[in-house]
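Please look at the sequence and the structure below, and keep both in view while reading the paragraphs that follow.

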Amino acid sequence: MKKKIMYLEWIDAASPADDISWWSEKEIIDWSAKFDSHIKSVGWIIQENKKFIILASEYDQANDCYAHPLRVPKPWIRRRVDLTKIIK
């Protein structure tokens with residue numbers, strides 16, 4: 001079965017990766033204001049339901065398998081473009 005190829009723009013959750021300290025409320029708000037979590041992804045739709053989309057960014061046609069799956073909750077998605085007819 002041919003899978004759809006999709007471009008997604010979505011907003012990701014975030015946390016300071018190296019944080020091990022306590023922060024004031026102002027420091028947290030300042031950090032959040034600087035953080036850009038707008039993500040752009042392209043890949044094959046492996047599964048889609050009411051709650052999420054699973055997208056794989058690589059496809060091995062010879063072995064019919066996928067790599068780098070990503071599960072994105074639907075409320076986080078801001079834009080989607082079906083590329084299936086453009087990329088064959």
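Strands S3 and S4 run antiparallel to each other and are paired over eight bridges, where strands are DSSP runs of E with at least two residues, numbered from the N terminus, and two strands pair if DSSP finds at least two bridges between them. This is a predicted model, in which local features need pLDDT of at least 70 and side-chain atom pairs count only at pLDDT 80 or more, while totals for chains, interfaces and linings use all residues. Residues are numbered from 1 along each chain as its sequence is written, and side-chain values use heavy atoms, leaving out hydrogens and water.

The pair belongs to an open sheet of five strands, in the order S4-S3-S2-S1-S5, with antiparallel pairing. Its edge strands are S4 (65–73) and S5, each of which pairs on one side only.

Leaving aside neighbours within four places in sequence, Leu8 is in contact (heavy atoms within 4.5 Å) with several residues, among them Ile39, Ile53, Leu55 and Ile77.

Finally, Thr84 lies in the segment after strand S5 (77–82), and Thr84 is buried, with a relative accessible area of 14%. Not counting residues up to four places away in sequence, Thr84 touches Lys2, Lys3, Lys4 and Ile5.

Conventions. Helices (H or I, at least four residues) and strands (E, at least two) are DSSP runs, numbered from the N terminus. Buried means under 20% relative accessible area, exposed over 50%, partly exposed in between (1.4 Å probe, protein chains only).
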